[in-house]
Amino acid sequence: MYARDNAATANDGHQDPTEAQFEAAATAFRMLADPTRLRLMWQLRQGEHDVATLTAALGVARPAVSQHLAKLRLAGLVASRRDGRRVLYRTRGGHVRAVIAEALSQADHQLANHPDHD
């Protein structure tokens with residue numbers, strides 16, 4: 001998911017995104033703009049976790065983790081399922097995992113002053 005400089009090839013033959021698509025993408029990026037939510041998504045990239053596991057991994061209060069997960073779920077970035085009394089959370093598909101990985105890779109390049117990939 002690398003930005004391209006050449007606008008003529010940016011769509012790869014596809015139509016421009018709709019306004020609804022731009023709005024959905026902006027909502028997703030707003031949700032991911034919070035460092036705690038981004039850390040949650042990083043934890044969820046490898047599979048399902050319950051709130052207790054995520055709380056321990058992040059060192060954040062359980063109510064805060066639950067609230068962040070609820071927002072991520074409403075934004076369509078996280079899915080959940082019941083397993084007995086527990087609720088297990090996971091990222092919602094490969095696109096979401098790719099966005100998280102690319103965002104953190106870009107941050108690493110920026111902080112380490114590595115050249116961009118073009």
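In which helix is the place of His 95? In this predicted model, His 95 lies in helix 5, which spans residues 94-112. With a relative accessibility of 73%, His 95 counts as exposed, because that value is over the 50% cut-off. Along the chain, His 95 and Leu 77 are 18 residues apart, and their C-alpha atoms are separated by 9.5 Å.

The segment after helix 5 holds Asn 113, a residue other than glycine whose phi is positive, near 60°. Most residues other than glycine have a negative phi. Asn 113 also counts as exposed, since its relative accessibility of 69% is over 50%.

| Residue | Place | Relative accessibility |

Elsewhere in the model, a pair of helices is in contact. Two packed helices are described by the angle between their axes and the distance between the axes. For helix 2 (residues 35-44) and helix 3 (residues 51-58), the axes come within 11 Å and cross at roughly 115°, and the crossing in which helix 2 passes helix 3 is right-handed. On the side of helix 2, the residues that meet helix 3 are Thr 36, Arg 39, Leu 40, Gln 43 and Leu 44, while helix 3 contributes Leu 54, Ala 57 and Leu 58. Sorted by class, this contact of helix 2 with helix 3 has five nonpolar residues, two polar residues and one charged residue.

Key:
Residues numbered from 1 in each chain as written. Predicted model: local features only at pLDDT ≥ 70, side-chain atom pairs only at ≥ 80, totals over all residues. Heavy atoms only, no water. Axes fitted to C-alpha atoms, helices over the stretch in contact; angles between N-to-C directions. Helix = DSSP H or I, 4+ residues; strand = E, 2+ residues; numbered from the N terminus. Left-handed = near helix turned anticlockwise from the far one by under 90°. Contact = heavy atoms within 4.5 Å. Nonpolar A, V, L, I, M, F, W, Y, C, P; charged D, E, K, R; others polar. Buried < 20%, exposed > 50% of the residue type's maximum accessible area, 1.4 Å probe, protein only.
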